[in-house]
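This report describes a protein chain for a reader new to it. The sequence and the structure come first, and the text follows.

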Amino acid sequence: MILDILLAEYLHAVAKAAKYGKILLGQTIDGCQECGQQIVDMTPGEKALHVLSELPGGDEFVVLGCEGYRYVDPELLGLPRGNWQDWQVND
Ligand SMILES: [Zn+2]
């Protein structure tokens, strides 16, 4: 499946970018807009419905929302933005 390959590519790119400090705190989100939960308030079961990662400083952020939204700007990862909608922009 092409979609699965793109998702795997995204997840891999986020892990790499986070590890090498290419994602900064202001570019990440500490909660999921799809369920409205902050990471700090999530139970382990709720956390498991998301893909979370950590910046080198230890701050956790949401990589993939519980409904599949990709919170990290693909452009930061060197991936095509396509029809990605920026969560930081309210319309
Ligand atoms: Zn969620």
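## Terms and model

Two strands pair if DSSP finds at least two bridges between them. Helices (H or I, at least four residues) and strands (E, at least two) are DSSP runs, numbered from the N terminus.

The model is predicted: local features need pLDDT of at least 70, side-chain atom pairs count only at pLDDT 80 or more, and totals for chains, interfaces and linings use all residues. Residue numbers start from 1 along each chain as its sequence is written.

## Overall fold

Two helices and four strands are found in the protein chain. Their order from the N terminus is α-β-β-α-β-β.

The C-alpha trace spans about 30 × 30 × 25 Å along its principal axes.

Of the contacts (C-beta atoms, placed from the backbone, within 7 Å) between residues at least 6 apart in sequence, 55% join residues at least 24 apart.

## Strands 3 and 4

Strand 3 (residues 51-54) and strand 4 (residues 60-64) run antiparallel and are joined by four bridges. Glu 54 has Glu 60 in strand 4 as its bridge partner, and Ser 53 stands opposite Phe 61. Five residues lie between the strands of this hairpin, where Gly 58 takes a positive phi near 100°.

## Burial

A residue is buried if 20 or more other C-beta atoms, placed from the backbone, lie within 10 Å of its own. Buried residues make up 15% of the 91 in the chain. In strand 4, four of the five residues are buried, and the strand is mostly covered.

Technical notes: Buried ≥ 20, exposed ≤ 12 C-beta atoms within 10 Å, placed from the backbone. Contact = placed C-beta atoms within 7 Å.
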